[in-house]
Amino acid sequence: MKRVERSFPLPHLIMNKNFKIESLSDEAVTMFGEVNHLLEIMDEGSLSKIKRWVTPEVHKLSIEIALKPLKEDKNPVTCDMHVKWKNDLYAEVLIIPKDEQLSKITKTMDQLRSRLNDTNFQLLEEKEKLEEAIQHGNRLSAPFIRLTEETALIPLFGHITADKMYTVEEPLLHATQNEDTDKVLFDFTAVGQIDEDGAQILKNLMTSLCYMGLQVIITGIRPEQVKRIQIIHFSSEIIFMNSLHQALKKYCSY
Amino acid sequence: MDVQHEQLAHYFLQGDDQGAIEFIKTMLEKYPRAYLYGDIITPAMYYVGELWERNEISVADEHLATAICDFVLSKLDAESGHVSRKQQKNFKAMLFGVEEEQHYIGLKMVADTFKEHGWRVRYLGPALPMEHSFTQIEKYRPDVIGISAALPYRLKTIKMVLEHFAELDWNPLIMIGGRLAKEYNLKEFESDQVMVVKDLGDLKRWFNEGREETINETS
């Protein structure tokens, strides 16, 4: 059957083997303007690909290439380029932008990704806020309260964790050093769970206090905490008392 | 040994996230993370680009590979024991891809590298509208602002954001990275406040030796 003359409504051009354009279809002019050279309209990332593939040695070829951003656009345009060499000198070239469906999907994916990223970002912000709050809570979990000239009370609050103990360790050592304190009461009444790491640091803190010549008294241990306390092996210089009430009576009576 | 990145690229191209993660985890037992980023994952993605140039894969395949790589990086990030808050330094970095820029895999690895060095990091992702980036920066006041771009069409945008950043009163250090920094000469942008980071190796040197050394080495 007779083949149709080229009159298809698509960006179509004829060029020589040096990529110089000989003729253009109307559609090609609408898309690229009056260009003289094929490589002028190509994105840099595609140049070496085109030079490598578009040669008379490859008689017929379809490849993907990217055009420089068109008009208002800011991103390269992905196209399918179909090349057929009429002879060793001239080639017919069709350049067809990728199906819009594809770019639509790509765009949607990009939007989804950026939404995920935003959410991730918000979560991170919340996490940091929460960490600040925990840190703040930690700092307030072992206040140093002076009862008399010589006696101070440190009520411990909440879960004894390594983080919390690290946070309070230094301020407490400082506070005990600066005052004329010689007795420190640690009250466990408000303590919940005791972590192994946290307990270890607490023990070190108490031992340090003993070395500094202070007497350490622990009050308010509950039955369920006893097991953990036993494992820790507190220094034998530390005195245990049943309740804070008893301790106050003994050490704070004027 | 240089087939490793090709192997990884094939996991990416097949959409095999599990395979890619397992592959990377095995590598992590032998090599440090920085090596993996700079010498395996980055070359794997370049290899994907090369396959496109060889006309062996399409843009759709490239997108798939990027998505899988992104996923794998997120997963690694989530599973790595990041420096705990207590040991974290008080340095802050904010990273984003400039307006319209869709390439972001490198930037993500940079974000992770900062985290690994104990920095607090805000990674804002690719294609961040300029106004949005300005608001975020004013709010977060980072010590380092890292911007990334791959395509030469972004030069104008970069110029604009740099002008804006020069006016920030706390003088943050600005890093320009991405393929653009690697392939093009961006020396004209460099100043006391602005440095060009060509790749992860450059960044590593900056962490180890500070800025002066980096400049000395290249100049």
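User: How many residue pairs are in polar contact between domain 1 and domain 2 of chain B?

Analyst: Domain bounds here come from an automatic or database domain assignment, and for chain B they give domain 1 (4-79) and domain 2 (92-218). The C-alpha centres of these two domains of chain B lie 23 Å apart. With both residues at pLDDT 80 or more, the count of pairs in polar contact between them is six.

User: Which element gives the most to the side of domain 1 of chain B that touches domain 2 of chain B?

Analyst: Helices (H or I, at least four residues) and strands (E, at least two) are DSSP runs, numbered from the N terminus. Two elements of chain B give two or more residues to that side, α3 (33-53) and α4 (59-79). With eight residues, the one that gives the most is α3(B).

User: How many salt bridges does the rule find across that domain interface in chain B?

Analyst: A salt bridge is a side-chain nitrogen of Lys or Arg within 4 Å of a carboxyl oxygen of Asp or Glu. B:D77 and B:K115 form such a pair, their closest N and O atoms being 3.1 Å apart. Across the interface of domain 1 and domain 2 of chain B, the salt bridges number four.

User: What area is buried between chain A and chain B?

Analyst: Contact means heavy atoms within 4.5 Å, and on that basis 32 residues from chain A and 28 residues from chain B take part. Buried area is the accessible area (1.4 Å probe) that two parts lose on being put together, summed over both. Carbon and sulfur atoms give 45% of the area between chain A and chain B, which comes to about 2600 Å².

User: Which residue of chain A meets B:R120 in a salt bridge?

Analyst: The count between chain A and chain B is three salt bridges. B:R120 is in a salt bridge at 3.6 Å, N to O, and its partner is A:E128.

User: And which element gives the largest share of the side of chain A that touches chain B?

Analyst: Those giving two or more residues are α2 (44-53), β3 (60-67), α3 (100-139) and α4 (162-178) of chain A. The largest share, ten residues, comes from α3(A).

User: Where in chain B is the pLDDT below 50?

Analyst: pLDDT is the predictor's confidence in each residue, from 0 to 100. Chain B averages 88, and 92% of the residues score at least 70. Beyond near neighbours in sequence, the stretch below 50 has four contacts in the model, and it covers residues 213-219 of chain B. Where pLDDT is low, the predicted coordinates should not be read in detail.

User: How far apart are the C-alpha centres of the two domains of chain A?

Analyst: Chain A is divided into domain 1 (12-98) and domain 2 (140-251). Their C-alpha centres lie apart by 80 Å.

Conventions. Residues are numbered from 1 along each chain as its sequence is written. Chains are lettered from A and ligands numbered from 1 in the order in which they are written. Side-chain values use heavy atoms; hydrogens and water are left out. A polar contact is a pair of N or O atoms within 3.5 Å; within protein, one must be able to donate a hydrogen and the other to accept it, and residues adjacent in sequence count only if both atoms are side-chain atoms.
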